[in-house]
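Thanks for passing this one along.

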Amino acid sequence: MLRLLWLIPLLPFAGFLLNGLLGARYLSRRAVALVACAAVLASFAISVGAVLELHNLAPAPAETGAGAPVRFTQTLFEWMPMGTTAEGADLTVRWGYALDPLSAVMILAVTGIGFLIHVYSIGYMEHETQAGLARFFSYLNLFMGMMLTLVLGASLPVVFVGWEGVGLCSYLLIGFWYDRMYDEKTKMSCADAGRKAFLANRIGDIGFILGMLLLVTAAGTLDIQAILARAGTLGTSVCTAAALLLFFGACGKSAQIPLYVWLPDAMAGPTPVSALIHAATMVTAGVYVTCRMAPLYVQAPVAMLTVAVVGALTALFAAIIGTAQDDIKKVLAYSTVSQLGYMMLAAGVGAFSASIFHLMTHAFFKALLFLGAGSVIHALSGEQNIWRMGGLRRHLPLTHATFAVAVLAITGIPPFAGFFSKDAILAGVLALAGETGSPALLALWASGLLTAGLTAFYMTRLYLLVFAGAPRMPEGASHHLHESPPVMTRPLVVLAAGAAVAGFAGVPGFLGGGRIPDYLRDYLAPVLALQHIDSTGIGTPSEWSAMTIALLVSLAGIAAAWAVYGRRPLPAAAAAAAAEPRGFVRVVKEKFFVDETIDALVLAPYRWLCRASAAFDEKVVDGLVNAVAAATDLASQLLRLVQAGYVAGYAFAFFLGTIVVLFFVLR
């Protein structure tokens, strides 16, 4: 199967071409869905076979040694022949793919969860037109192909093709319903939301390009493994600059401060798109590239600290905003931003395997949350305001049960998946704080704990307002409620199973008592570098104590949400605060007015500059051109008077001219 590695990204591309070129006119709706789903399923099957074959593959002779990673590289063709440097280094870029334990975990998550989302989309998009359905599935397949190219790319330019590709696909899918209004309050259309995502990511991509150029200048190659092998010889300043530039690009893709603003508005697209972006594709790209370049980051302590601080701040900031959102998809969007902050926090403290572990578990429960939300929206004919829901557990029993599993997983309740991965991140932060004696890292750990409590609060709030209590939907709407069709609920069941048990792939040693191995950490250990720092000692809680504290904080968040939103009927104060928020609650609900601030400080001056430029072009540039034209016209009008075509007039003019000449000659 390793020889078929090139087919993993190619099959979704083939699905994109078939549905994009033939789906609207020549294929039936069933055939369109079959082509899209079969392409992703085939990629998943080849991925499973390739990963199993990789497991039995011995390390290359040049890499043989303790902890040497098993890696398979497949070069397809010479892409950019650029010759050699003055020192003789080969600059040629070859189109190739590489499979190692890190990319193996990623392709299984992307293709496996992506396939379930494709299947779910068959039911969710059943009312779309034939042309719309073909366009939707072709975009989904293109999204998958680009993400797989990013994950498998053996060189930075190949990765960058996938990197830009997922950005393009997010624009196409977020703005899929380009003729619809997304936000009546801000007058943002779905097309506007797509453009916002596209532009925010282009800003981050500048950092990625500059980092790539710096690395090829310093290392003399764009091959990822060659760069990482030379990371120790590049110097701290080069590693720091390159790592920070790449991280700025990751801030765009993985929605970190300050480039997170596009992700909440990405909810303008169909709900399966939200699930694909948040769980299996685009937003995980930044985390993946950060972990892929782990040896580079380890050589740059300042960059590592920056990643950790930005991740912790993003996680906390987004969690605070999530506590006051009323749109079911917006709550989940801010939870994604927050969870991505957790992953970056882990990477920033050198716990790269914990970051990937949380990426994997998050893929299960976040896809489940979004698809569960889609089932609710489908049942309520498009309603997304959680204050117009309630009591849905009786009408949507399967959606309710699976959604509850996802809520327990993301809030970190054992034995669900999120409990193990979240604890691995907090344990990594705490371990580094103890080794370095850094109070700042202890503060980051405390920030992570607070984020866990807030996550438990807003997710329990969401669950209670949607599924518990008395129905609050408009009168008569409850009579039409029904569970989603099997094509939508079966993927929910599979994802619920993953959200329940995936955490056992990374049970920490102290908790397993030596009987349950930490499979994922051991599997990723040869690939992901770990930061080793001389211990200076600082008082930190033990592993058991830290886990207990984190669990108690999560339980406190659940209890607080239950106290406010779990009573029947809902307290009038809670409903009033949602309808007319005041003070800090209003600031949080309005997302700290970040969009308004950006509009006032960046977009408004930009629009003024555009208007001033247009006025200058119209009044000055065009005015000068028009003035030349007017002067020419005036001159022609005057000259026309002496070109009347009358011989008598010409003779008279000749006579006058002769008199004038003689006057000056004879005087």
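1. Confidence first. This is a predicted model, and the chain has an average pLDDT of 88, with 93% of the residues scoring at least 70. The stretch to treat separately is residues 531–539, where the pLDDT is below 50. That stretch still has 23 contacts in the model beyond near neighbours in sequence.

2. On to the cysteines. Searching the whole structure turns up zero disulfides. Take Cys37: the closest cysteine sulfur belongs to Cys169 and sits 17 Å away, so a bond is ruled out because the gap is too far; the cut-off for a disulfide is 2.5 Å between the sulfurs. Cys251 is in no disulfide either, and its nearest cysteine sulfur, that of Cys291, is 14 Å away.

3. Are these cysteines buried or exposed? Cys37 is buried, at a relative accessible area of 8%. Cys251 is buried too, with a relative accessibility of 3%.

4. Next, helix H3 (residues 101–124) against helix H4 (residues 130–152). Their axes come within 10 Å and cross at roughly 175°. With angles over 145 degrees counted as roughly antiparallel, that is how H3 and H4 run relative to each other. On the H3 side the contact includes Met106, Ile107, Val110, Gly114 and His118; on the H4 side, Phe136, Phe137, Leu140, Asn141 and Met144 are among the residues involved. By type, the contact residues split into 12 nonpolar, six polar and no charged.

5. H4 also meets helix H11 (residues 282–292), and here the axes come within 11 Å and cross at roughly 5°. H4 and H11 are therefore roughly parallel to each other. H4 contributes Phe143, Met147, Leu150 and Val151, while H11 brings Met282, Thr284, Ala285, Tyr288 and Val289. The tally for this contact is eight nonpolar, one polar and no charged. Met147 and Val151 of H4 are listed in the contact with H3 and also in the one with H11.

6. Last, have a look at His358, in helix H15 (residues 352–379). Its relative accessibility is 2%, so His358 counts as buried. Which residues does His358 touch, leaving aside neighbours within four places in sequence? The contacts are Gln339, Tyr342, Met343, Phe365, Ser421, Lys422 and Ile425. From His358 to Ala424 the C-alpha to C-alpha distance is 8.3 Å, with the two 66 residues apart in sequence.

How values were computed. Residues are numbered from 1 along each chain as its sequence is written. This is a predicted model: local features need pLDDT of at least 70, side-chain atom pairs count only at pLDDT 80 or more; totals for chains, interfaces and linings use all residues. Side-chain values use heavy atoms; hydrogens and water are left out. Buried means under 20% relative accessible area, exposed over 50%, partly exposed in between (1.4 Å probe, protein chains only). Axes are lines fitted to C-alpha atoms, for helices over the stretch in contact, and angles run from 0 to 180 degrees between N-to-C directions. Helices (H or I, at least four residues) and strands (E, at least two) are DSSP runs, numbered from the N terminus. Angles under 35 degrees count as roughly parallel, over 145 as roughly antiparallel, 65 to 115 as roughly perpendicular and the rest as oblique. Contact means heavy atoms within 4.5 Å. Ala, Val, Leu, Ile, Met, Phe, Trp, Tyr, Cys and Pro count as nonpolar, Asp, Glu, Lys and Arg as charged, and the others, Gly among them, as polar. pLDDT is the predictor's confidence in each residue, from 0 to 100.
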